[in-house]
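Hi,

Here is the structure I promised to pass on. Please open it first, then read my notes on its helix contacts below.

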Amino acid sequence: MKIRWNATLNFFILLAILLIVAGIQTTLWFQFFGNVPAPLLWLNLIVYLTLYRKPFPAIFTIYAMGAILLIFTGMPLKMMLFSLLILFTLVYGIKSRVFWSGAGYYTIMCGFSAVAYHLIYFLLSMVLEKNPASFEIVDRLVQIILTPSFALPMYWILAKIDKLTQDELVHEPGGLDL
């Protein structure tokens, strides 16, 4: 079996970026901006993987990222994995119907994903947990607004990393091609 070193390098770089953006979101953000809710920077990374990877490697990487994200949150594993799977299914479903390459589409999908993630998390919390999550409308709206505003720099960074590691991107919509 031939090991694809570029794909492996890309995988570990993405995990390192996840650690960096999750660290920025959970600690550094509040040092600079006080009580303003932090954008979901890790969600932008998940959206990028969903849009520009084949489904099987994307799901594997997203689940690995979900396991790492548990370090930064008090969310139970079942909530994290279910919400990421449902979000992946939604974004991939939209991508298979409507897709164009570029930062504009990526930003739109980051905005959609921020709204969808909050709805998914809130509904799953009501179904799966004894003490469901509170709605906190203002905090969630601020996160929904801030998350796509960081999409352009994230897209630029992630596209450069993919170019450096020469990982092949999926730039067209399509069915399930594992």
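The model is predicted, so local features need pLDDT of at least 70 and side-chain atom pairs count only at pLDDT 80 or more, while totals for chains, interfaces and linings use all residues. Residues are numbered from 1 along each chain as its sequence is written, and side-chain values use heavy atoms, with hydrogens and water left out.

**H2 and H4**

H2 covers residues 41–52 and H4 covers residues 77–97. Helices here are DSSP runs of H or I, at least four residues, numbered from the N terminus. Their axes lie 9 Å apart, at an angle of about 50°. Axes are lines fitted to C-alpha atoms over the stretch in contact, and angles run from 0 to 180 degrees between N-to-C directions.

On the H2 side, the contact (heavy atoms within 4.5 Å) uses Trp42, Leu43, Ile46, Thr50 and Leu51. They meet Leu84, Leu87, Phe88, Val91, Tyr92 and Lys95 in H4. By class, nine are nonpolar, one is polar and one is charged. Nonpolar means Ala, Val, Leu, Ile, Met, Phe, Trp, Tyr, Cys and Pro; charged means Asp, Glu, Lys and Arg; the others, Gly among them, are polar.

**H5 and H6**

The axes of H5 (residues 103–128) and H6 (residues 137–149) come within 8 Å and cross at roughly 155°. That makes H5 roughly antiparallel to H6 (over 145 degrees). The crossing is right-handed.

Best wishes

How values were computed: Helices (H or I, at least four residues) and strands (E, at least two) are DSSP runs, numbered from the N terminus. Angles under 35 degrees count as roughly parallel, over 145 as roughly antiparallel, 65 to 115 as roughly perpendicular and the rest as oblique. A crossing is left-handed if the near helix is turned anticlockwise from the far one by less than a right angle, and right-handed if clockwise.
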